[in-house]
Amino acid sequence: FRSKSGLKTDESSGALTGMASKLKLVALGMAAGAAVSIKMAADWQVSMTQLVTGAGESEKSIGMLRQGILSLSVGTDTSVEELTKGLYMISSAGFHGAGGLSVLKAAAEGAKEGEASLADVANVLTSAMNAYHLPASAANSVTQQLVATVAAGKMHMEDLATSLSAVLPIAASAHISFAQVGGALATMTMQGMTAHRASMNLANAIRSLLNPSATAAKEMQSLGLNANTVSSHLGSEGLTGTLAELQTAILNSTKGGSVLVGDMRSEEHT
């Protein structure tokens, strides 16, 4: 038996069954996609709510932050999820509202430029900015210094992010610029030292210059230096200037490969 279209009944039935199966698969796929979209939307809503409950953002800023994240996602080719997590860290560090978005933008661009994770960049960026009491408007400048430090040294951004806390507080209190801290860490890691060890050693060196021991003060005096003056000028002279001063004092007191100290220097100059 053939239908009016010329197809046999069993052929027509098979075609309809195949079409129904395809439609069912399409429907299932659409349902699954919708479920995933709904879950993602729900998860994002939870994350945005956590910005208020856990990171100190105001509820009235959420709409602006949501729009800013969507815009940055397109502009920096970064996932919404990654940006939201980054903003949580930034907001927790005290940068809220439009200022927080400015810091997030700098962190996202720095992550792309330095081939690092946004979380690591946001972490170290906010740590540096808080240590030096910098406003959100300084985020781009600090990010570039971070990227330059990693590029000049032998480390990853994660290494820098997890080690800077050892040196930032003491460096900032001594008014030593972050540029000099970054330069010192880059130099030390290039010589094979880990970022963590470099940060610890640098912090100890700054601490010793700020508050020299009685022995160190006596040794400086023997080289013609005043320990209190060296300490008070550390911020204005910086690390390089202070170390250069110490090196010059040592060279001026050296003769025949030996360092002349105390009375020996006095006798040499008379």
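Helix 9 keeps much of its length out of solvent: Phe-178, Val-181, Gly-182, Ala-184, Leu-185, Ala-186, Met-188 and Thr-189 are buried (under 20% relative accessible area, with exposed over 50% and partly exposed in between; 1.4 Å probe, protein chains only). The model is a predicted one, with local features needing pLDDT of at least 70 and side-chain atom pairs counted only at pLDDT 80 or more, while totals for chains, interfaces and linings use all residues. Numbering starts from 1 along each chain as its sequence is written, and side-chain values use heavy atoms, leaving out hydrogens and water.

Helices here are DSSP runs (H or I, at least four residues), numbered from the N terminus. Helix 9 covers residues 178–190, and its end C-alpha atoms sit 18 Å apart, in agreement with the 18 Å that 13 residues should span (the expected span being 1.5 Å times one less than the number of residues). The cover over its buried residues includes helix 5 (118–131), helix 6 (139–152), helix 7 (157–163), helix 8 (168–173), helix 10 (195–210) and helix 13 (234–252). Just past the end of helix 9, Gly-192 adopts a positive phi of about 105 degrees.

Leaving aside residues up to four places away in sequence, Ala-186 touches Thr-149, Ala-152, Gly-153 and Met-155 (contact means heavy atoms within 4.5 Å). Leu-160 is 26 residues from Ala-186 in sequence, with 9.8 Å between their C-alpha atoms.

Now for two helix pairs. Helix 2 (residues 62–76) and helix 3 (residues 80–92) have axes that come within 9 Å and cross at roughly 130 degrees (lines fitted to C-alpha atoms over the stretch in contact, with angles from 0 to 180 degrees between N-to-C directions). That angle makes helix 2 oblique to helix 3 (under 35 degrees is roughly parallel, over 145 roughly antiparallel, 65 to 115 roughly perpendicular, and the rest oblique). On the helix 2 side, Leu-65, Ile-69, Leu-70, Leu-72 and Ser-73 make the contact, and on the helix 3 side Val-80, Leu-83, Thr-84 and Leu-87 do.

Helix 3 also pairs with helix 5, their axes coming within 9 Å and crossing at roughly 15 degrees. This makes helix 3 roughly parallel to helix 5. Here Glu-82, Leu-83, Gly-86, Met-89 and Ile-90 of helix 3 meet Leu-118, Ala-119, Ala-122, Asn-123 and Thr-126 of helix 5.
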